[in-house]
Amino acid sequence: MIIINGKEMALQWETLEDYILSQNYLLEHIAVERNEVIVPKAAYGQTKLLRGDRLEVVCFVGGG
Amino acid sequence: MSEVAEVQITREQWLATLSQRQGRALVDKFQKARVAVCGLGGLGSHIALTLARSGVGHLSLIDFDRVDLSNIHRQAYRLTHIGSYKTTALKEMVMEVAPFCQVTTHNTVLCAKNIETLLAEEDVICEAFDDPKAKALLVQAVREKMPEKMVIAASGMAGWGSPNTIQSRRVSQNFYLCGDEKSGIESGQSLNSARVQVCGAHQATLILRCLAGFLEV
């Protein structure tokens, strides 16, 4: 299991990049924290998702 | 002829009156704080004024834009500010309500090259941009390079949805997010002052709560 934005999910992605691509996120609109630490954009491909990880994907929309 | 009376208030009077409402201990904490407001539109213009009224001692106001007529319906500016830089206009308004607030202005686009330098001295970073790429870039940079700073960001306040759908949450230790996280202008919804201010008020409240030491949402 992995917790993504507060929801428990089956771990079905190898890397953070796999997950982000599977959700069709716009890379330039998001910021991702894994276990309370921000993941640099260039590191998504090497960031292996592990059982028990807690991911927070913040997706920004326009307006302010 | 001006109908507005010139009022001379001393710093001591200003702070003593605020302290009667908020308590001296909180006012002292707010006075020491340095907050950067990044983006001075519908969120940032109201947030900066609110923080100044509450006694935040140092504000850094950052925006590259000038006031135009389309800003007047939603942002804190007045018609007389049209054509002025938002930094200059907002500093003027802040000084009118909080004349002893130390205000620094940066008339510039925040980007990867200048974020660290411009924000080095700040305790709290308020993300109040309108462009989602600028929002993500600022949050990413601060969280990567200056994770000790408090970041209060916003996403999702367009349209006429219920104000109750705008919420605050603590994403991680030093990172808070306000908004409904879905209503963006790209979906064709327009921004209206009231709902944007609900979101900005969430941000201002979180900033003051963090400065007061209440870290949970």
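Author: The model is predicted.

Strand β2 (residues 58-62) of chain B pairs with β3(B) in the parallel sense, and five bridges join them. Within this pairing, B:Ser60 has B:Thr104 of β3(B) opposite.

Both strands belong to an open sheet of seven strands in chain B, whose order is β3-β2-β1-β4-β5-β7-β6. The pairing in this sheet is mixed. Its edges are β3 (102-106) and β6 (167-172) of chain B, each of which pairs on one side only. On average, and with direction ignored, neighbouring strands of the sheet are turned by 20° against each other.

Helix α3 (residues 44-53) of chain B is mostly covered, with eight of its ten residues buried. Those buried residues are B:Gly44, B:Ser45, B:His46, B:Ile47, B:Ala48, B:Leu49, B:Leu51 and B:Ala52. The cover over them includes the helices α1 (11-22), α5 and α8 of chain B, together with the strands β1 (34-38), β2 and β4 (124-127) of chain B. After α3(B) comes B:Gly55, which has a positive phi near 100°.

Two packed helices are described by the angle between their axes and the distance between the axes. For helix α2 (residues 24-32) of chain B and helix α8 (residues 193-212) of chain B, the angle is about 105° and the axes are 9 Å apart. The two helices α2(B) and α8(B) are therefore roughly perpendicular to each other. On the α2(B) side the contact is made by B:Leu26, B:Lys29 and B:Phe30, and on the α8(B) side by B:Leu208, B:Leu211 and B:Ala212. Sorted by class, this contact has five nonpolar residues, one charged residue and no polar residues.

In chain A, five strands form an open sheet with mixed pairing, in the order β2-β1-β5-β3-β4. Its edge strands are β2 (7-9) and β4 (37-38) of chain A, each pairing on one side only. Strand β3 (residues 30-34) of chain A and strand β5 (residues 54-59) of chain A run antiparallel and are joined by five bridges. In this pair, A:Ala31 has A:Val58 of β5(A) as its bridge partner. Helix α7 (residues 132-145) of chain B packs on this sheet and touches β3 and β4 of chain A, its direction making about 30° with that of β3(A).

As for the rest of chain A, its elements run β-β-α-β-β-β from the N terminus on. Of its 64 residues, 45% count as buried. The radius of gyration of chain A is 11 Å, which agrees with the value near 11 Å for a compact globule with 64 residues. Its C-alpha trace spans about 35 × 25 × 20 Å along the principal axes.

Conventions
Residues numbered from 1 in each chain as written. Chains lettered and ligands numbered in written order. Predicted model: local features only at pLDDT ≥ 70, side-chain atom pairs only at ≥ 80, totals over all residues. Heavy atoms only, no water. Pairing = 2+ DSSP bridges. Helix = DSSP H or I, 4+ residues; strand = E, 2+ residues; numbered from the N terminus. Contact = heavy atoms within 4.5 Å. Axes fitted to C-alpha atoms, helices over the stretch in contact; angles between N-to-C directions. Parallel < 35°, antiparallel > 145°, perpendicular 65-115°, else oblique. Nonpolar A, V, L, I, M, F, W, Y, C, P; charged D, E, K, R; others polar. Rg over C-alpha atoms; globule rule 2.2 N^0.38 Å. Buried < 20%, exposed > 50% of the residue type's maximum accessible area, 1.4 Å probe, protein only.
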